[in-house]
Amino acid sequence: MDTYVIATNNGHKLQEIRDLGMEPLPKLNFSCGHDTWLGEYSRMVSTRKYYEVCKDVITEVAELFGQPSLFHLGMDEETAGHQKHQNFCCIRQHDLWWHDIYYLFDCCEKVGVRPWIWSDAIWHRQEEFLEKMPKSVMQSNWYYGRVWLAPGEPYLNPTFNAYITLEEHGFEQVPTSSALFGNDINILETMQALKKEVAPERLKGYMMAPWYGIGKNDKYRHMNEAVKFGVAKKTIYPEYC
């Protein structure tokens with residue numbers, strides 16, 4: 001099982017990660033619900049200037065990261081509901097969403113980098129997603145709750161079942177867990193279930209998504225998540241430890 005680190009830094013931090021035997025991977029979220037980092041360009045979505053900026057950013061970041069094997073483009077939660085409390089709202093849907101995400105995929109592929117996205121679009125428009133999403137794109141569905149009420153019982157949530165749907169349709173994936181909502185065994189249960197449900201050749205690893213800040217005191221939360229991940233890995237995948 002390969003080890004990766006999703007990173008947003010460059011320079012010496014990238015080399016520090018490589019020195020630890022890991023590959024740093026870039027993650028920039030191009031979803032209209034998470035793109036304030038684009039500054040004024042986040043209000044120019046789907047314009048000629050927007051496309052130029054996206055292409056330039058992806059090309060430059062891929063170069064800074066030394067042509068990484070994967071580039072996480074985000075693309076989650078682009079819905080009106082997720083932006084209802086924002087002062088400025090912007091969403092793409094239907095053919096425009098597909099046009100723009102294909103454009104981002106093309107930008108990655110032109111610099112020799114494989115695109116990677118969050119997979120929540122499958123929750124609400126499954127048939128369309130399965131028909132139009134290229135198999136070449138790495139997928140990361142996420143689910144942060146309890147997987148079962150008790151081991152052996154049916155899975156609790158349809159968003160968890162998206163992992164199985166992706167597997168049934170031949171997508172490679174990196175499932176994502178979290179202890180964000182106080183569920184300390186989410187990663188353990190996720191690994192336990194998906195080791196059985198997803199073929200090893202399409203299961204490319206797991207992620208933890210703490211979604212905490214990066215302040216001085218937040219590091220302990222991140223460290224706690226890392227410990228939980230390590231315990232789960234040793235329990236479910238001892239062959240990789």
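Analyst: **Charged pairs and their surroundings**

Lys110 is exposed, with a relative accessible area of 61%; exposed stands for over 50%, buried for under 20%, and partly exposed for what lies in between, using a 1.4 Å probe and protein chains only. This is a predicted model, in which local features need pLDDT of at least 70 and side-chain atom pairs count only at pLDDT 80 or more, while totals for chains, interfaces and linings use all residues. Residues are numbered from 1 along each chain as its sequence is written, and side-chain values use heavy atoms, with hydrogens and water left out.

The side chain of Lys110 meets that of Asp106 in a salt bridge, at 3.1 Å from N to O, the term being used for a side-chain nitrogen of Lys or Arg within 4 Å of a carboxyl oxygen of Asp or Glu. Asp106 has a relative accessibility of 30%, so it counts as partly exposed. Because the two partners are four residues apart in helix α3, about one helical turn separates Lys110 from Asp106; helices here are DSSP runs of H or I with at least four residues, strands are runs of E with at least two, and both are numbered from the N terminus. An α-helix has 3.6 residues a turn, so residues three or four places apart point the same way.

Helix α3 covers residues 94–110 and also contains His94, which has a positive phi of about 55° although it is not a glycine. His94 is exposed, its relative accessible area being 57%.

The loop between β2 (23–26) and α2 (48–64) holds Ser46, which is not a glycine and yet has a positive phi of about 70°. Ser46 is partly exposed, with a relative accessible area of 22%.

Another salt bridge links Arg202 and Glu201, whose closest N and O atoms are 3.8 Å apart. Arg202 is partly exposed at 23% relative accessibility, and Glu201 is partly exposed with a relative accessible area of 49%. A search of the whole structure finds 13 salt bridges.
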